[in-house]
Amino acid sequence: MNLKKIALQVLVAIVLYVSISLILEKDYNQEILYREILEGLVFGLVYGIIIWLSAHWRKKKKGGD
């Protein structure tokens with residue numbers, strides 16, 4: 001999986017995380033918005049690492065057979 005696909009998936013995950021969190025929060029002030037964006041970025045980072053490791057392991061396993 002190339003870097004563009006991973007980056008796009010991570011970006012979509014961040015947007016979905018932040019939008020769903022804000023909808024569930026039902027309060028839209030600046031502090032909550034910043035907190036949710038920061039949490040979304042952390043979530044996106046972890047999600048991106050998991051996707052990259054998964055693709056890396058699949059490629060390694062496929063090449064070994």
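The following dialogue explains the terms applied to this predicted model and the values behind them.

Visitor: What rules apply to the numbering and the side-chain values?

Guide: Residues are numbered from 1 along each chain as its sequence is written, and side-chain values use heavy atoms, with hydrogens and water left out. As the model is predicted, local features need pLDDT of at least 70 and side-chain atom pairs count only at pLDDT 80 or more, while totals for chains, interfaces and linings use all residues.

Visitor: Why is Tyr17 called partly exposed?

Guide: Buried means under 20% relative accessible area, exposed means over 50%, and partly exposed lies in between (1.4 Å probe, protein chains only). Tyr17 has 27% relative accessibility and therefore counts as partly exposed. Tyr17 belongs to helix H1.

Visitor: Which residues does Tyr17 contact, leaving aside its neighbours within four places in sequence?

Guide: Contact means heavy atoms within 4.5 Å. With those neighbours left aside, Tyr17 is in contact with Glu36, Glu39, Gly40 and Phe43.

Visitor: What makes a set of residues the largest nonpolar core here?

Guide: A nonpolar core is a set of buried Ala, Val, Leu, Ile, Met, Phe, Trp, Tyr and Cys residues joined through side-chain atoms within 4.5 Å. The largest one has seven residues: Ile6, Val10, Ile14, Val18, Leu22, Ile32 and Ile51. H1 and helix H2 (30-64) each supply at least two residues of this core. Its largest share, five residues, comes from H1. The buried residues of H1 are Ile6, Val10, Ala13, Ile14, Val18, Ser21 and Leu22.

Visitor: Why can residues three or four places apart point the same way in an α-helix?

Guide: An α-helix has 3.6 residues a turn, so residues at that spacing point the same way.

Visitor: What makes the nonpolar patch on the surface a patch?

Guide: Patches are made of residues with over 30% relative accessible area and no salt bridge; like charges are joined within 9 Å and nonpolar side chains (Val, Leu, Ile, Met, Phe, Trp, Tyr) within 5 Å. Leu8, Leu11, Val12, Val15, Leu16, Ile20 and Leu24 form this patch, with about 700 Å² of accessible area together. Such areas come from the Shrake-Rupley method with a 1.4 Å probe, and for residues only the protein chains shown count as cover. Leu16, one of the patch residues, has 47% relative accessibility and so counts as partly exposed.

Visitor: How do you know that Glu25 and Arg35 form a salt bridge?

Guide: A salt bridge is a side-chain nitrogen of Lys or Arg within 4 Å of a carboxyl oxygen of Asp or Glu. The closest N and O atoms of Glu25 and Arg35 are 3.2 Å apart, so the pair meets the rule. Glu25 lies in H1 and Arg35 in H2, so the pair ties together parts that are ten residues apart in sequence.

Visitor: How many salt bridges does this rule give?

Guide: The count comes to three. Arg35 also pairs with Glu36 at 3.0 Å and with Glu39 at 3.9 Å. Glu39 and Arg35 both lie in H2, four residues apart, about one turn of the helix. Together, Glu25, Arg35, Glu36 and Glu39 are linked in a network of salt bridges.

Visitor: Which of the words buried, partly exposed or exposed describes Glu36?

Guide: Glu36 has a relative accessible area of 4%, so this residue is buried. By contrast, Arg35 counts as partly exposed at 36%, as does Glu39 at 33%.

Visitor: Why is Lys26 called exposed?

Guide: Lys26 has a relative accessible area of 70%, and is therefore exposed. Lys26 lies in the loop between H1 and H2, and has a positive phi of about 60° although it is not a glycine.
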